[in-house]
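Have a look at the model below, then read on.

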Amino acid sequence: RTMEVSVLDYGAGNILSVVNAIKKAGVTVKFINEPAELASAKKLIFPGVGAFGSCMERLNSLGFTEPLKEYIRSGKPYFGICLGLQTLFEGSDESPGTTGLGIIPGLVTLFDPRHGLSVPQMGWNQATQWKQSDLLLPSEATERFYFVHSFKALPTDDNASWVLTTTDYGEKYISSVLKGNVFATQFHPEKSGKLGLELFRRFLTLDTFNATGDGYDKTKSVPPTVLAKRVIACLDVRSNDQGDLVVTKGDQYDVREKEEGNNVRNLGKPVALAEQYYVDGADEVTFLNITSFRNSPLQDQPMLDVLRKTSENVFVPLTIGGGIQDLVDPDGTKRPALEVASEYFRSGADKVSIGSDAVRVVEEFLKSGTKTGLSSIEQIARVYGRQAVVISVDPKRVYVASPEAVTHHTIPTKVPGPNGEGFCWYACTIKGGRETRDLGVYELTRACEQLGAGEILLNCIDKDGTNSGYDTELISMVKGAVTIPVIASSGAGCAAHFQEVFAVSNPDAALAAGIFHRKEVPLPEVKKFLMENTSIPIRG
Ligand code: 1PR
């Protein structure tokens with residue numbers, strides 16, 4: 001049994017989750033920071049994050065490329081994750097001109113948007129197994145692993161012998177490879193719950209993986225794998241009047257009790273509740289720090305601590321939002337949004353969500369028509385990848401008598417306004433709904449996609465906390481505006497509301513808060529209902 005594993009740390013992204021997953025298997029981590037250290041490594045994990053080009057440039061400039069190739073050729077166990085798989089190929093469309101490690105023949109290419117699927121692929125998909133091995137049990141292929149990527153490698157005659165599994169997303173692509181002791185996955189085992197932890201445990205404890213079989217066979221037809229619709233639990237976190245960090249929940253964003261005392265509603269402790277939702281089967285957990293527009297989140301150590309503690313036991317993706325913008329600390333120190341986000345990633349976040357600042361960025365962008373490359377969205381996407389940048393939108397419905405009444409994008413509505421208006425547009429707000437801006441959600445989300453955002457978290461102030469169902473008109477509008485994934489949020493009151501929103505508006509995920517916190521409809525009940533009563537693909 002190997003009690004130590006080396007992790008190649010080239011200084012990018014969230015490797016805390018990988019480290020936490022290794023610790024769960026009772027194995028200690030040795031970080032490799034110098035190329036010379038690779039020669040003495042006995043087992044190596046390479047958690048690649050970010051973009052192909054910047055990853056390879058980093059490996060090259062730090063002198064890792066040749067020693068890494070040597071390690072891989074040595075036959076010692078290697079486990080590449082995500083970019084740790086992609087860099088094994090010869091190159092990638094993501095960064096034309098940059099050469100990969102060239103261990104596996106083939107190029108990495110972008111998902112074809114003509115398939116009409118959201119790109120990046122974000123969520124839980126299955127794997128078709130083409131080889132037998134001690135790493136992956138045959139029964140596990142039908143379960144689901146967490147994927148998040150825009151680029152993929154296709155199986156070809158030249159690389160077929162490497163293919164352990166393929167996955168379908170418009171096209172059949174390579175989701176893992178295994179040859180000898182070289183193993184790599186496009187999915188993130190450290191974010192794939194129990195299934196992923198089990199995979200880590202086997203990699204860490206086995207000396208050899210006993211792969212048999214010839215790999216991918218293009219003449220064999222197999223049913224396609226399916227990406228599941230995600231069910232997300234959201235925790236709005238803020239300090240209460242006693243200064244404790246609590247999970248709270250508003251009605252149309254008002255988090256104070258209506259009764260005597262007017263206290264901030266306290267629905268539990270953030271870390272414990274997040275862990276509960278993980279055990280319950282949440283496909284993702286989101287924290288929104290809803291006081292942060294008042295304080296600098298870098299001084300907000302408790303929130304970073306919440307993240308760190310949560311990521312020790314929660315092995316599904318974690319998103320954190322609130323206060324991600326250029327800040328100035330009370331002592332006058334400037335804190336660019338990128339630095340704020342970096343702090344969150346280092347503490348265990350996989351994605352950050354940007355609310356108010358996205359509105360300001362887009363207002364500027366639409367005024368000038370030029371991308372400066374300096375906005376929070378652009379900078380964070382460049383360093384951490386598009387998939388790490390979520391835009392949290394807080395819309396308010398505005399009724400109009402006709403589309404000509406405003407310059408904003410309007411939609412016809414089945415729920416007429418107070419004066420019988422048949423149309424509406426959705427106004428963006430900032431500062432937790434306190435300030436409404438003259439910018440439409442349609443325009444905002446399209447601009448954010450152009451600027452490099454990877455996902456939209458679509459709230460709705462009119463619906464928040466009402467238990468009356470999602471605003472399917474809003475969600476359908478945004479699904480039609482962008483090609484990046486959209487999370488439907490606000491208004492869930494029962495399991496059937498999830499069915500309705502998936503069926504009517506086809507979002508990539510649906511999020512709820514109140515019904516889970518108040519245990520009115522526990523998360524497992526929502527999933528059970530969807531699996532038993534609908535054909536919507538759900539991770540069990
Ligand atoms: O603007 O970048 O600092 O981010 C602030 C973040 O905090 C934004 O994402 C904003 O949505 C959120 N936020 C700010 N104030 C509040 C508030 O409630 N007073 N919460 C707030 C937003 C909405 C969702 C909620 C769903 C589902 N809460 O988080 O979870 O509406 O609720 P439901 O299922 O109970 O209906 P920035």
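Which residue in S13 does Phe79 stand opposite? The residue facing Phe79 is Phe183. Keep in mind that this is a predicted model.

## The open sheet

Strand S4, residues 78–82, runs parallel to strand S13, residues 182–185, and four bridges join the two. Both strands are part of an open sheet of eight strands with mixed pairing. Reading across, the order goes S2-S1-S3-S4-S13-S12-S11-S8.

What about the edges? Strand S2 (28–32) and strand S8 (128–129) sit there with a single partner strand each, so one side of each has no neighbour in the sheet.

The chain splits into domain 1, covering 4–205, and domain 2, which is made of 230–392 + 454–533. The contact draws on 23 residues from domain 1 and 31 residues from domain 2.

How much area do domain 1 and domain 2 bury between them? It's about 1900 Å², with 58% of that on carbon and sulfur atoms. On the domain 1 side, Ser118, Met122 and Lys191 lose the most area to domain 2, and together they make up 27% of what that side buries.

## Polar links across the interface

Lys191 turns up again here: it forms a salt bridge with Asp350, and the closest N and O atoms are 2.8 Å apart. Across the interface of domain 1 and domain 2, the salt-bridge count is one. Polar contacts across this interface come to eleven residue pairs.

So which elements of domain 1 do the touching? Those giving two or more residues to the side that touches domain 2 are helix H1 (16–24), strand S7 (121–125), strand S9 (145–149) and helix H5 (193–205). H1 gives the most, with five residues. Sorted by class, this side of domain 1 has ten nonpolar, nine polar and four charged residues.

Overall, the salt-bridge count comes to 34. One to look up in the viewer is the pair Asp283 and Arg539, whose side chains meet at 2.7 Å, N to O. The two residues are 256 residues apart and link distant parts of the chain. Asp283 is in the loop between helix H6 (270–280) and strand S16 (284–289), while Arg539 lies in the segment after helix H15 (523–533).

Definitions and conventions: Residues are numbered from 1 along each chain as its sequence is written. This is a predicted model: local features need pLDDT of at least 70, side-chain atom pairs count only at pLDDT 80 or more; totals for chains, interfaces and linings use all residues. Side-chain values use heavy atoms; hydrogens and water are left out. Two strands pair if DSSP finds at least two bridges between them. Domain bounds come from an automatic or database domain assignment. Contact means heavy atoms within 4.5 Å. Buried area is the accessible area (1.4 Å probe) that two parts lose on being put together, summed over both. A salt bridge is a side-chain nitrogen of Lys or Arg within 4 Å of a carboxyl oxygen of Asp or Glu. A polar contact is a pair of N or O atoms within 3.5 Å; within protein, one must be able to donate a hydrogen and the other to accept it, and residues adjacent in sequence count only if both atoms are side-chain atoms. Ala, Val, Leu, Ile, Met, Phe, Trp, Tyr, Cys and Pro count as nonpolar, Asp, Glu, Lys and Arg as charged, and the others, Gly among them, as polar.
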